[in-house]
Amino acid sequence: MSGDGTGSSGGTSSGNRLAVDGLIDDPKTRIIVCCGSGGVGKTTTAAAIGLRAAERGRKVVVLTIDPARRLAQSMGLTELDNTPRIVKGVGGNGGGGNGGGELQAMMLDMKRTFDEVVLAHAEPERARAIMENPFYQSLSAGFAGTQEYMAMEKLGQLRAAEEWDLIVVDTPPSRSALDFLDAPNRLGSFLDGKVIRILTAPAKVGGRSAMKFLNAGMGLLTGTLGKIFGAQLLTDVQTFVSAMDSMFGGFRERADRTYQLLQAPGTAFLVVAAPERDALREAAYFVDRLAADRMPLAGLVLNRVHGTGAPQLTAERALAAAEALEENGSEHASPEAEVLAAGLLRLHAERMQVMVRERRTRDRFVSVYPDVPIVEVAALPGDVHDLDGLRAIGERLSGSAD
Ligand SMILES: Nc1ncnc2c1ncn2[C@@H]1O[C@H](COP(=O)(O)OP(=O)(O)OP(=O)(O)O)[C@@H](O)[C@H]1O
Ligand SMILES: [Mg+2]
């Protein structure tokens with residue numbers, strides 16, 4: 001069950017194996033965050049872990065972000081309503097399982113989460129004015145960093161509700177895994193920042209000559225900005241920020257608070273990466289960053305690793321055999337069978353070369369980060385778009401497949 005380190009996918013025993021079941025079974029684990037660069041399998045991993053944890057008896061909510069349509073449907077996520085729903089067909093939900101657990105899932109709706117923040121903090125009339133503000137509308141609909149900010153905001157809300165004993169969080173499809181940690185602060189400091197502060201309060205400055213000078217400079221600045229962004233937008237920003245500012249303690253502060261949640265005991269980060277150079281380089285940056293920020297790393301999920309049914313046959317030997325067949329033929333086979341066999345041998349050779357490359361990339365990571373636990377998840381033949389697919393990923397994550 002634990003730490004066997006000898007997966008028949010041909011894994012080297014270098015590096016220690018990440019014990020996913022140990023992590024999800026531990027009642028002290030309250031939040032699991034799946035991070036990684038774009039397209040590596042964050043959403044799939046988050047959903048698979050959530051499902052597995054539920055089927056092993058925990059009460060779980062998975063916060064997904066932009067899941068593929070079919071995967072969303074298989075989890076009963078047909079509309080973006082920003083609240084967790086029970087996923088049907090999960091063992092433990094009366095679906096035939098014996099764990100007594102439950103899985104709920106939701107898709108993050110950025111705009112709605114933003115609206116909820118406003119509604120929770122403003123008088124209804126004020127809230128409406130904010131929500132009708134054009135600057136607010138463009139901000140909440142997808143300003144750079146808004147999705148990351150809102151994912152954290154939602155995580156904070158889910159945690160505060162105390163309804164689940166495990167929250168699994170997917171992260172937005174950013175180019176870099178670091179964006180998840182950086183964006184909320186960047187957005188927070190932009191909204192709380194000096195420029196905005198000055199923009200929103202130019203009228204308060206005045207009086208003494210130095211101030212007049214500053215004021216003239218500010219006038220120039222606002223004038224220039226006005227030309228660039230349009231005077232109306234500037235007014236929108238000013239009204240919006242001053243309304244928001246008086247409403248609650250500031251964006252920066254909120255981002256900071258959720259940040260603390262991520263550092264708290266009970267939170268575990270999983271870095272997901274493909275066994276490719278760029279993805280692993282990103283993963284390495286992220287591992288360093290977590291350490292610098294004192295955030296707990298559970299380990300690395302190496303996703304979509306290739307395997308073969310015939311690991312003994314090297315690429316070189318397969319290629320040599322293909323060439324021999326093509327040149328000399330075989331006494332025992334028809335010409336058609338020879339062509340087919342040679343083709344298969346070449347395919348196998350290619351696969352072996354991919355595997356060697358992946359192994360080397362992985363080993364390089366392990367040599368730099370020998371203490372980071374790793375689990376390899378095989379590339380499945382097709383997309384992962386239903387509960388069975390998620391279960392298959394879950395088994396691979398826990399090392400109970402094969
Ligand atoms: N182990 C696997 N085997 C086969 N297909 C996989 C595997 N893991 C993920 N996939 C597929 O790869 C695609 C991308 O996966 P996923 O959406 O989970 O990545 P992501 O990191 O969330 O991407 P984004 O950064 O866009 O959010 C999906 O179609 C998914 O079904
Ligand atoms: Mg995703």
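**View 1. Arg-304 is a buried residue, with 20 other C-beta atoms within 10 Å.** A residue counts as buried if 20 or more other C-beta atoms lie within 10 Å of its own, as exposed if 12 or fewer do, and as partly exposed in between, with C-beta atoms placed from the backbone. The model is predicted: local features need pLDDT of at least 70, side-chain atom pairs count only at pLDDT 80 or more, and totals for chains, interfaces and linings use all residues. Residues are numbered from 1 along each chain as its sequence is written, and chains are lettered from A and ligands numbered from 1 in the order in which they are written. Arg-304 lies in strand β7. Its phi is positive, about 65°, although Arg-304 is not a glycine. Helices (H or I, at least four residues) and strands (E, at least two) are DSSP runs, numbered from the N terminus.

**View 2. Asp-66 sits in the loop between β2 (59–64) and α3 (69–74).** Asp-66 is not a glycine, yet it has a positive phi of about 50°. Asp-66 counts as partly exposed because it has 13 C-beta neighbours inside 10 Å.

**View 3. Ligand 1 is surrounded by 19 residues.** The closest are Lys-42, Thr-43, Thr-44, Pro-173 and Leu-380. Two or more residues of the shell are given by each of α2 (42–55) and β7 (297–305). The largest share, three residues, comes from α2. A residue is near a molecule if its C-beta atom, placed from the backbone, lies within 6 Å of it. By class, the shell around ligand 1 holds eight nonpolar, seven polar and four charged residues. Ala, Val, Leu, Ile, Met, Phe, Trp, Tyr, Cys and Pro count as nonpolar, Asp, Glu, Lys and Arg as charged, and the others, Gly among them, as polar.

**View 4. Thr-113 is placed in helix α4 (residues 110–121).** Thr-113 is buried, because 20 other C-beta atoms lie within 10 Å. Leaving out residues up to four places away in sequence, Thr-113 touches Asn-82, Leu-108, Met-150, Glu-153 and Lys-154. Contact here means that the C-beta atoms of two residues, placed from the backbone, lie within 7 Å. Between Thr-113 and Gln-147 there are 9.8 Å in space, C-alpha to C-alpha, and the two are 34 residues apart in sequence.

**View 5. Helix α4 packs with helix α5 (residues 124–132) at an angle of about 150°.** The two axes are 8 Å apart. Axes are lines fitted to C-alpha atoms, for helices over the stretch in contact, and angles run from 0 to 180 degrees between N-to-C directions. α4 and α5 are therefore roughly antiparallel to each other. Angles under 35 degrees count as roughly parallel, over 145 as roughly antiparallel, 65 to 115 as roughly perpendicular and the rest as oblique. Asp-115, Val-118 and Leu-119 of α4 make the contact with Ala-127, Ile-130 and Met-131 of α5. By class, this contact has five nonpolar, no polar and one charged residues.

**View 6. Helix α13 (residues 277–292) and helix α15 (residues 335–368) cross at roughly 15°.** Their axes come within 10 Å, and the two helices are therefore roughly parallel to each other. On the α13 side, Arg-277, Leu-280 and Ala-284 meet Thr-361, Phe-365 and Val-368 of α15. The contact of α13 with α15 has four nonpolar, one polar and one charged residues.
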